[in-house]
Amino acid sequence: MELTTERVYWMRVRKIKNLEQKIKAYDHLLLKNPGTIGQHFDQKSLELEIGFGKGDFLLEMARRHPERNFLGIERSSAFALKAMREVGDLDNIRFMTGNVQNLLPLMEDNLFSGLYLNFSDPWPKPRHYKRRLTYRQLLLDYDRILKPGSLVQIKTDSKTLFAFTLEELFALKKQAFDVTLDLHGDARWKENIPTIYEEKFSAQGKSILGLRYRSE
Ligand SMILES: C[S@@+](CC[C@H](N)C(=O)[O-])C[C@H]1O[C@@H](n2cnc3c(N)ncnc32)[C@H](O)[C@@H]1O
C-alpha cells in the first residue's frame with residue numbers, strides 16, 4: 001500500500017550558534033566510533049533508539065530502567081545536543097550522531113537487547129522506500145546487531161510506513177505481535193512512553209499505530 005498524500009515529517013530545530021563547540025562539553029556522552037560501542041558500557045543489557053529527536057523517550061527509559069543501558073542514534077547534532085543537556089545524573093545513557101544507515105555496517109554483532117523506532121520518517125514517495133528505517137536490508141542489519149530474541153518496538157502515525165513495515169516483516173518471515181491501530185486504547189501498550197511526535201499527532205486526533213517483533 002502506498003499513500004503518497006502523506007506529508008514528509010519536518011521537525012523544527014532552531015539553528016544553534018557554535019554547535020560544535022557546545023557539543024564538546026558533552027564529549028563524555030557522545031560515542032564517536034560505531035565499531036567500539038560495546039567498550040563504553042558495563043555488563044548491563046544495552047538498548048538502542050534510532051532517530052531519538054529531542055531524546056525525551058530515551059531519557060525517560062533511562063530514568064525508569066537504571067538496570068539497563070541505552071544508546072541513542074540521531075542524524076541531527078542539534079537534537080543530540082538538546083538531549084545531552086537533559087542527562088543530568090543519569091549514567092546509563094549515551095549518544096551517537098550520524099545516519100544510521102552508514103553506521104550499522106560498522107557495528108559489532110549481538111550488541112543490543114532491544115530496539116526502538118519511534119515515528120521514523122515515513123518517506124511516503126514510493127521511490128524513497130530504501131530510506132525507510134524498516135526497509136528489509138535494515139531489518140537484516142538489526143538482526144545482526146541485536147541478540148537473538150530481542151524486542152523491537154515500532155510506533156508511527158504513518159499508514160504508509162506501517163503497511164510497508166508489515167510487508168517487509170512478512171517478506172522476511174518475521175512475526176509481528178501486539179499489532180495495533182489504536183496504541184493509546186490498547187492494554188498491551190499500557191507501559192507506553194509517548195514521544196514528542198506522538199503527543200503532537202495524538203492532539204491532532206490521529207491514531208497511533210504500533211507493532212513489536214523479535215530479532216532472529
Ligand atoms: C519524525 S522525527 C521523530 C523524533 C522522535 N523519535 C519522536 O518520536 O518525537 C524522526 C527523527 O529521526 C531522525 N532520523 C531520520 N532518519 C535517520 C537516520 N537515517 N539516521 C539517524 N537518525 C535519523 C531525524 O533526524 C528525526 O530527528
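## A pocket and its lining

The lining of the second largest pocket draws at least two residues from each of α2, β4 and β5, where helices (H or I, at least four residues) and strands (E, at least two) are DSSP runs numbered from the N terminus. The volume of this pocket is about 290 Å³, and of the 17 residues that line it, M61, H65, Y116, Q153 and E191 are the closest to its centre. A pocket here is, on a 1 Å grid over the protein atoms alone, an open set of points where a 1.4 Å probe fits, with protein on both sides within 12 Å along at least five of seven lines, and lining residues have an atom within 4 Å of a point; grid points are joined across faces, edges and corners, and the volume is the space filled by probe spheres set on the points.

This is a predicted model, in which local features need pLDDT of at least 70 and side-chain atom pairs count only at pLDDT 80 or more, while totals for chains, interfaces and linings use all residues. Residues are numbered from 1 along each chain as its sequence is written, and side-chain values use heavy atoms, with hydrogens and water left out.

## The sheet

An open sheet of 7 strands has the order β3-β2-β1-β4-β5-β7-β6, with mixed pairing; two strands pair if DSSP finds at least two bridges between them. The edge strands, each pairing on one side only, are β3 (93–97) and β6 (177–180). Within the sheet, β1 and β4 run parallel and are joined by 4 bridges, and E47 stands opposite G114 in β4.

## Helix α2 on the sheet

Helix α2 (residues 56–64) lies across β1, β2, β3, β4 and β5 and runs at about 170° to β2, the angle being taken from 0 to 180 degrees between N-to-C directions of axes fitted to C-alpha atoms, for helices over the stretch in contact. F57, L58, L59, M61 and A62 of α2 are buried, that is, under 20% relative accessible area (1.4 Å probe, protein chains only). The cover over these buried residues includes β1, β2, α3 (77–84), β3, β4 and β5.

Leaving aside neighbours within four places in sequence, F112 is in contact (heavy atoms within 4.5 Å) with residues including I37, L46, L71, M107 and I145.

Technical notes
Buried means under 20% relative accessible area, exposed over 50%, partly exposed in between (1.4 Å probe, protein chains only).
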